[in-house]
Each structure stands twice: as structure tokens, then as C-alpha cells.
Amino acid sequence: MSPRDPGGLRDHVPVEPLETELVDRIERRVLIAYEGVEGAPARPGWLAAARWLMPAVAVAGVALAIALNLRGAAAPERPPMAGDVVELRHADGTSTYELDGAVIRLGDGTDARVRRDQRGVIVELDVGRVDCEVEPRPARAPFLVRAGQVEVVVVGTAFGVERDAGGAVRVDVTRGVVRVRDGTAERELLAGQRWSDGQVETASVGRIVPRTADPGPDPRAAAVAPQASSAVPDAPVLAARSPVRPPDATARRAAAGAAEDEVALPRPSSPGTAFADLRDAELAAILALEASDPLEAARRYRAYSRTHDGTPAARALYSETYVRYYRLGDRPGALRAMQLYERRFPTDSRSESALWLRVTILCDGELDRACRASAHTYVRQFPTGAWADAANRIIDESM
Amino acid sequence: MAPHAAYLEDVLLVDRCLGGEEAAARELFRRQQPRIHAALYRILGSNRDMDDLLQDTFIQVFRSLGGYRGEARLSTWIDRIAVRVAYRYLSQKRAAPLTVEWSEVHAPAEGGGDRRALAREGVRRLYAALADLPAAGRIAFTLHAVDGRPVAEVATIVEASVTATKLRIWRARRALDRKAARDPVLALFLERATEESR
């Protein structure tokens, strides 16, 4: 009965894909560990300089904080290091440089320098390309990239800035939001957008299904118990084999009923009752606001998460994701809120409901690799979880 | 790619890594990661520690890169490291074996959805059955039967003789046969795999 030939079972054991972000994270960790290995090749000169710069930054920060405290002023989180400049020059290949919560990658033949001054961390790009991955910086110095007269201001995001020998600048945002200033003009760029010579283009990202028409019954009024495999009437609908669905298809679908090739996904748990446990009046007030003004509620959740820590802040970000997706139909906004939640609360974000909310958002549209990988991640973590059946359906449909 | 060209490419890539070129280290990771992930997956099945194992493997690879003599293809050399990581993981996991209730489950009926469900359940049971095997036997079997490598290549990777490797595969197969005799879902899964591989 057992297969005798080599690979007899190969086609019957499909390999679960790993999420791209996870692979990137592994790659980063491996490369960082590699640089730390004894006997590993020496770092480039500027990196060696960075090694002593970081302790110096810390020492200067402490000294400044003490000085300011003595004067009764509030101590800033960032130490001004006017005059400290690290040259980043790399003629061949690429290099990665880490500083103050940011990972900066230099492209081939890039000339740049990084400095700290009262404005924050500034990367000055002369020529070439820098790709930056910047953690949210609520308590850190601002992070800027300056390419000629173009300035890119970052909150917490991943993006690339390119400047050719003629001085033309291009900015690509892969995650989060950045502000691009060119002289007096200023534009805000979202993930998937590109700025070039004052013009903004939007890359072809997955389409958005608006949900504002009928947000359905308030899930927080219902029991919070996960709704196993039974789909709620207004659950997001997954176009299983029709990757692109125009936005106005939602209304048609609502009138005609879901098509046969569409899979209704059950909703993740509403975080509503968690607020009751927390006994937090502010969160309860935002929750009450959701019905009348979901956009303002989403903003307030974000603001709340900035000023709080721990479980309350995690619940606020989860709620923002939930409201943006289910009430506002703002899929990119929901994904950004989810990414923020994952970065700030990596343990919390592995909770069952959070993982399922992520699957729901990512699978809203094309059953692509990201959708499939997120479903696999859910099943790996919760093989008998409340939404395992639905996740397995996604995996099956996409096989 | 001709064998010589591939070999030369391996050696040059390693040289660039050892010369401190980060782009080369990144290239090595990106080139080998999907293959190593697939191999680890086929040895261990669905596993929540997969990212840690993948990371461990590549950290070991980069730590040992100076010891790569070019006597084998770089991919084979990295496979050996991955297998050692998997072996260590399986040996440590042995303290907490996975238990599955066979008797209460029946083989699902035919049909498109059921067929997929059977395939998924079959994979789960295959790996539950493999969990009871010694690590060396499980690795040899999965590399051969699931990852599709010839016995001689498996022997090279697990650093054992061809005869010893054949014996491990045979024992694993026999153990699976015994499990399948008591588990209709596993039996049906293996039977279909055999039919379709003919």
C-alpha cells in the first residue's frame, strides 16, 4: 500500500506557504545573526562607525536628559546630536544599516549620509536608492529622508526613495503613510502609492469592496462566542475564483444573493465585551460612537492606542481594524491598523480572533498567496479553532 | 545549468559571502530558502515552529560557511544542516508525543469537497503516524517518499550508508503499513497516493 517510488507522496503533501513578511523577518534575523558571528567578515567602515555611534547617542541622550531635568524642562526622548554624521557609501551590492528603530537598506552605488539633529534622524540621499523600514515612533525622534529639495517624513512605515544622477526623485510606499514635501508642496502617500516629480501614482493593489451600504447588525450586540462555520448574513464575501470584483458589485450581489463561486466568511469575534472586562469608560464611549460616526470612532481608537499601553491599547487597535473593515469598508486602512497592532502587540496579535480577522481582510478579493498564507498561519496556530473549517475551505479553494 | 557551471556558481557565491558581501548572503538565503522550507515541511509536516527551524538552519549555514569545501553541491551541504536541525527538533519533541484517536473516525464519502477533506485529513494522519517513528527513520522516509529524493542522495544527506538508509526507509514503511491497517483514513490516503503515482 505504501508508495514505493521516490516522491510517491510528494503531490499529496502540499507545502504550506510562509507569509512573505515572515520570510522577510527570518531573513533579517539571519543576516543580523550572521554579522554577529565570530569570524564573520568585517563590516564596512561606516557600519563600524555606527557601532560606536549608538552608545555615544545613548550617553549623550542621558547627559542631555539630566541637563534638561535640572532646568525643570521635560526631557525629550531623542538626544540631539548636531554635527554627528555617518557617511553611507556603498559602491557595489547592497547594505543594511540599523539605527534607532529604523532599518535602512542602501542600493547599488548609493551615496548617502545619516545625521541626527534637533529635527530627528535625517537620511540625506545624494544618489542611488534607500529602502527604509521604520517602526512606529510615538516616543522617538522623527525620521526624515532628504533627497535634494524633496523631504520624506515618516511616522511608521516601509518605503523607498530613489534619486538618480540627474536629481530626479521617486518615492515608493509599501506600508504605512509618509508625507512628501517638495519645496512648499506637501503630499501624503499611502501604501501602494508612488511619488515622482510631484505626481502621485497608485500601484495596482487589491480592489476594495465597500461595506458602507449595509454594515449589518452590530456584532457587538451578539454573543461574542466565535461563530464556527456558520456565516453571518452580512459576512464579507470572498470571490473564490473571480479575483477582481468591481466595487459596485456589492450592491448587485446583495440584490441577487451571493454567487455560487463565492464563499461567505464568518466574522471574527467583536472585541466589544472585552471593553466591559476592562471597565474602561473611554473605550466604552468610543464603542458607543461607532454606530453614529464610525470614522471618528476609528480615529479615536487610534488616538487611544497612542496614549495607552497593554491590553487596552491592543483592544483599541483591534477595534480600529474591525471598524475600518466592517463599518467603513476601508480595507487598506484596516490592514494598516492590523499591521500596527501586530507590530506593537506581537503576542496578542497571534490570538485566534486577530488571526482570523487578518485572514478575512486579506482574503477579501483574490485568493492570492498572502490570503492563502494567512489561512495556513491560522490553521497552524489553531488547527481545531472556531474558524478552522473556513480557513481550510480557503486553503482547499486555492489549491 | 551544466553541473560545472552550477558548482562554480556555488563556490563563487560562498566566496562572496565569506568576503563580507551582504548582498551575497541575502542571495544565498533567497535562493535556498524555498527549497529548505519545503524539505523541512515535508519532514516535519505542518508545524508552528517552522519559522524558528528555518531561521536556525540558516544561522547554522552562515556559521559553518567557512567549512564548506566544495566537495558537494551547496544545496546538498545545506540540506545536511537542515536535516540536523530537524533531527534535533524531533529528538527534543519526543517527550510529548502526539496522540490520535483512530477508532472513532470513519473514512469520508466520495465527492469533490470530501476528497479534499480526505487529502487534508490523510496528511494529518500521516504525520501523526510518523510522529511515533524514530527521528532517523522518519527523516529518511520523508526525504525519500515525500520529498522525492533517491535513496543514494538521502544517504548522503543523512550521512549514513545506502544500506542503512534503505533499512530505515523500509522500517518506516512497515510501521506506516501497520498504522494504516488500523486506520481506514490513512489507508485510503496512502492507497490513492500509490495509485496516482503509478
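User: Which residues do ring pairs link into a cluster?

Analyst: Ring pairs link A:Y318, A:Y322, A:Y325, A:Y326, A:Y341 and A:F345 into a cluster. This is a predicted model, in which local features need pLDDT of at least 70, side-chain atom pairs count only at pLDDT 80 or more, and totals for chains, interfaces and linings use all residues. Residues are numbered from 1 along each chain as its sequence is written, chains are lettered from A and ligands numbered from 1 in the order in which they are written, and side-chain values use heavy atoms, with hydrogens and water left out.

User: How many aromatic pairs are there over all chains?

Analyst: The count is eleven. Rings of Phe, Tyr and Trp (its six-membered ring) pair if their centres lie within 6.5 Å; planes under 30 degrees apart count as stacked, over 60 as edge-to-face and the rest as tilted.

User: Why is the pair of A:Y318 and A:Y341 called edge-to-face?

Analyst: The ring centres of A:Y318 and A:Y341 are 6.1 Å apart and the planes stand at 65°, so the pair is edge-to-face. A:Y318 belongs to helix α7 and A:Y341 to helix α8, 23 residues apart; helices are DSSP runs of H or I with at least four residues, numbered from the N terminus.

User: What makes A:W356 count as buried?

Analyst: Buried means under 20% relative accessible area, exposed over 50%, and partly exposed in between, with a 1.4 Å probe and protein chains only. A:W356 has 0% relative accessibility and therefore counts as buried.

User: Why is the pair of A:W356 and A:Y378 said to tie together parts of the chain?

Analyst: A:W356 lies in helix α9 and A:Y378 in helix α10, so the pair ties together parts that are 22 residues apart in sequence.

Methods:
Helices (H or I, at least four residues) and strands (E, at least two) are DSSP runs, numbered from the N terminus.
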